[in-house]
Amino acid sequence: MTDTLPGKPDARLHTILGANGVIARELSAALAASGQRVRQVSRHPNAVHPADDLRVADALDARATADAIAGSAVVYLLIGLRYDTAVWQSEWPQVMQNVIGACQRHGARLVFFDNVYAYGAVSGDMTEETPFNPSSRKGEVRAAIATTLLDAMARGDLQALIARSADFYGPGASNSLLHAVLFERLSAGRAPQWMGEPSAWHSFTYTPDAGRALATLAQSNDSWGQTWHLPTSQEPMSGARMTRLACDLAGQPYRLSVMPRWLLRSLGWWLPALRENQELMYQLERDYRFSSKKIEDALGLAATAYADGVATTLAASAKAPGNAKPAARA
């Protein structure tokens, strides 16, 4: 691969590092709708629109990362590493350093799509002012890489912003918690499940809202240099409420199976994803309240109502291959 020399960014070129994921797809749609050019970058990138520019690159390779973003006005860091603590500890710091260095080299602005692990267990609302106090090893990694970016921003090394989401759901969000325990099971006529305390408050971000908000933030001159929470409904919600809402909209009786902690620990011996999630069970056993008031007030972005988002997600799940809906079973 050639070592691309820095040049003047194309004001309409937006590059997505971490193509193919659900947030990348929603962001791509929002950018295309606003007339931007989109470059999709990953080890195996796919086009969302025919005009998309595809680049193959591994973010662990500094030169490949720099070459992939050359000419971009805005870069979005949406990469999802394998859900493994050791992988995160080894690879996330290198990815962040490579992306920061590439953006510095080519004069690109950076949007980092983050989660809430760095906050740890929070009493009350999570806001953009919530301090980092991680309660898990994965949270420690997220706090460290976010701090790396914030320090680079403070030094003036690059223009960037951090955009955080709560646990998300939406059409095609097959890696989300709600897809696994709720939507996929309802589409198959099976009883929904929950892990943790089903009555605890739990906020959920709708993926089309997240994609549109990321595009809006990147095209707003006043958003840079800040942390933002993406639009998320403030309607009271919990695992049990979400399940009842989805069952009602699916025309199925309300059923909810709660998996006890001892069973989750036992299943973790055979299911790596459950094992890796054990340190984050605090998010499901106590209130998880995510506030997006800042972006709502500053940019006028409203979150989709849960009823509307769930209805759309159910419809998409029912149409997914292998999810033809059978008659409901008791």
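At what angle do helix H3 and helix H4 pack, and how far apart are their axes? H3 (residues 85-106) and H4 (residues 137-155) pack at about 10°, with axes 9 Å apart. That makes H3 roughly parallel to H4, a label for angles under 35 degrees. Axes here are lines fitted to C-alpha atoms over the stretch in contact, and angles run from 0 to 180 degrees between N-to-C directions.

This is a predicted model, where local features need pLDDT of at least 70 and side-chain atom pairs count only at pLDDT 80 or more, while totals for chains, interfaces and linings use all residues. Residues are numbered from 1 along each chain as its sequence is written, and side-chain values use heavy atoms, with hydrogens and water left out.

Which residues meet where H3 packs on H4? The table lists them; contact means heavy atoms within 4.5 Å.

| Helix | Residues in the contact |
|---|---|
| H3 | Thr85, Trp88, Gln89, Trp92, Pro93, Met96, Gln97, Ile100 |
| H4 | Arg137, Lys138, Val141, Arg142, Ile145, Thr148, Leu149, Ala152 |

The residues of this contact divide into nine nonpolar, four polar and three charged. Asp, Glu, Lys and Arg count as charged.

Now the whole chain. It has 12 helices and 13 strands, taken as DSSP runs of at least four residues (H or I) for helices and at least two (E) for strands. Of its 330 residues, 52% count as buried, meaning under 20% relative accessible area with a 1.4 Å probe.

Glutamine 283 sits in helix H10 (residues 282-285). Is glutamine 283 buried or exposed? Glutamine 283 counts as buried, because its relative accessibility is 7%. Beyond its neighbours within four places in sequence, glutamine 283 contacts Val116, Tyr117, His202 and Tyr288.

Definitions and conventions: Parallel < 35°, antiparallel > 145°, perpendicular 65-115°, else oblique. Buried < 20%, exposed > 50% of the residue type's maximum accessible area, 1.4 Å probe, protein only.
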